[in-house]
Amino acid sequence: MEMSPAQSFETGAVIGEIILFLLLIVLIALIAYLVVVLIKRNKEKNNPRIKYQIENPQGRWTCPRCNSENPNTTFLCNRCGYRVV
Ligand SMILES: [Zn+2]
């Protein structure tokens, strides 16, 4: 049985559709991967360990217990050992 030009064209169209479908799947997989990476990064941003970074290392805080001044680089009062966090 010989293929008519019309049938040949249809076969080509089906192959094109399959390729398009595969490309769509690859694209969806790529977008899903990017979303996962972005969510992971966002979670790392909200990590409390990173959140407690020193905002102003040159600044000073006053101890509520003994009123002595302490540098922002420490959570403990240098005089009485009061813990701020
Ligand atoms: Zn103190």
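Asn-67 sits in the loop between β1 (60-62) and β2 (69-71). Its phi is near 65°, a positive value in a residue other than glycine. Most residues other than glycine have a negative phi.

Before moving on, a word about what you are viewing. This is a predicted model, where local features need pLDDT of at least 70 and side-chain atom pairs count only at pLDDT 80 or more, while totals for chains, interfaces and linings use all residues. Residues are numbered from 1 along each chain as its sequence is written.

Next, select Arg-60, which is found in strand β1. Arg-60 counts as exposed, with 11 C-beta neighbours inside 10 Å. Leaving aside residues up to four places away in sequence, Arg-60 touches Glu-69, Asn-70, Pro-71 and Asn-72; a contact means C-beta atoms, placed from the backbone, within 7 Å.

Now show the whole protein chain. Its elements run α-α-β-β from the N terminus on; helices (H or I, at least four residues) and strands (E, at least two) are DSSP runs, numbered from the N terminus. Of its 85 residues, 1% count as buried.

Finally, colour by pLDDT, the predictor's confidence in each residue, from 0 to 100. Confidence is highest in β2, at a mean of 92, and lowest in helix α2 (residues 48-51), at 56. Where pLDDT is low, the predicted coordinates should not be read in detail.

Conventions. Buried ≥ 20, exposed ≤ 12 C-beta atoms within 10 Å, placed from the backbone. Contact = placed C-beta atoms within 7 Å.
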